[in-house]
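Please look through the structure below with these notes beside you.

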Amino acid sequence: MKELFDHVSNDCSKLVTKQYSTSFSLAVNMLSPKIRTDIYNIYGFVRFADEIVDTFHNYDKHILMSNFERDYYVAKEQGISLNPILHSFQHTVNRYNIPDEMVQAFLKSMKADLHKTEYQTKEEYDEYIYGSADVVGLMCLKVFVDGDDKKYNELKDAAMRLGSAFQKVNFLRDLKDDFEVLNRSYFPNINLGELDAKSKQLIIDEIEEDFDYAYNHGILKLPVEAKFGVYMAYRYYRRLLKKLKSVPSEKIMDTRIRISDPMKINLLARSYVKYKLNII
């Protein structure tokens, strides 16, 4: 039965999420059951694209990315793919009318990672962030509002700012691998080889502005089905940023910041109390 194949494909995207990101999986698990599957499907797609450009060093990444993009569009046109990640993603795209502009913007940023190693202007940086993070937030928002265009337009700026904040925290956390292993420098006009306290603080201030906007203008106004899960992801990334702030700029390239499992549980418990008390 086709329904069984759909179910298996969705399970594959869920497995990808759980294997690649326990933290994101925890947040998704706090969403309403009726929207979890589609968020897993979005994550599975973006995760595989990211793996192509960041991990598969012994293979021709350009061919892999070209095939991945081609196969997605075949899947979208036909409504089916034997690649379960692409099959589940196209189903979510079609179900929620996710615009192709978002998918194209995401793929453009991923393909940039195949050849671009430095972002020298804010315009280049903002375009990359938009494609690699903002549109992912917008895809998820399409699921959260379930066709409510008025609610989508009200929350889209906040969704983009939250996606930006998450991505910038990842950049700051992964400086060593990005700079030394992948030879990438995302932050414009900043010498990562000699990152000083002032430059680091400028990055942190920018992230905190994104977080504050996203919380006040987005998270607090999300539909009930999505609010707690998104808030949980927000709390996790704010805790990551707090830990990054405590690391001296000259040590940040040599320090791998992570949130321990007990701390994740603590964040979950405290966040749940706030949610149940209608503090958020």
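Leaving aside its neighbours within four places in sequence, which residues is Asp-210 in contact with?

1. The residues in contact with Asp-210, once its neighbours within four places in sequence are left aside, are Arg-161, Ser-164, Ala-165 and Lys-168, where contact means heavy atoms within 4.5 Å. This is a predicted model, in which local features need pLDDT of at least 70 and side-chain atom pairs count only at pLDDT 80 or more, while totals for chains, interfaces and linings use all residues. Residues are numbered from 1 along each chain as its sequence is written, and side-chain values use heavy atoms, with hydrogens and water left out.

2. Asp-210 has its place in helix α10, a helix being a DSSP run (H or I, at least four residues; strands are E runs of at least two) numbered from the N terminus. With a relative accessible area of 5%, Asp-210 is buried; the term buried means under 20%, exposed means over 50%, and partly exposed lies in between, for a 1.4 Å probe and protein chains only. The side chains of Asp-210 and Lys-168 are joined by a polar contact of 2.7 Å, that is, a pair of N or O atoms within 3.5 Å, of which, within protein, one must be able to donate a hydrogen and the other to accept it, and residues adjacent in sequence count only if both atoms are side-chain atoms.

3. Side chains of opposite charge can pair when their charged atoms come close. A salt bridge is a side-chain nitrogen of Lys or Arg within 4 Å of a carboxyl oxygen of Asp or Glu, and the structure holds 19 of them. One of these joins Asp-210 to Arg-161, with the closest N and O atoms 2.5 Å apart. This pair links distant parts of the chain, since Asp-210 is in helix α10 and Arg-161 in helix α8, 49 residues apart. Arg-161 counts as partly exposed, at 26% relative accessibility. Through salt bridges that share partners, Arg-161, Lys-168, Glu-206 and Asp-210 are joined into one network.

4. A salt bridge also forms between the side chains of Asp-54 and Arg-184 (2.6 Å, N to O). Here again distant parts of the chain are linked, with Asp-54 in helix α3 (residues 33-54) and Arg-184 in the loop between α9 (175-181) and α10 (197-217), 130 residues apart. Arg-184 counts as buried, at 4% relative accessibility.

5. Within helix α8 (residues 149-173), Glu-154 and Lys-151 are separated by about one helical turn, because they are 3 residues apart. They form a salt bridge whose closest N and O atoms are 3.9 Å apart. Glu-154 is partly exposed, with a relative accessible area of 40%, and Lys-151 is partly exposed, with 21%.

6. A search of the whole structure finds 21 aromatic pairs, meaning rings of Phe, Tyr and Trp (its six-membered ring) with centres within 6.5 Å, called stacked if the planes are under 30 degrees apart, edge-to-face if over 60, and tilted for the rest. Phe-45 and Phe-68 form a stacked pair, 5.1 Å centre to centre and with 25° between the planes. Because Phe-45 lies in helix α3 and Phe-68 in helix α4 (residues 61-78), the pair ties together parts that are 23 residues apart in sequence.

7. The charged end of Arg-161 sits over the ring of Tyr-213, 4.7 Å from its centre, where the cut-offs are NZ of Lys or CZ of Arg within 6 Å of the ring centre and within 35 degrees of the ring normal.
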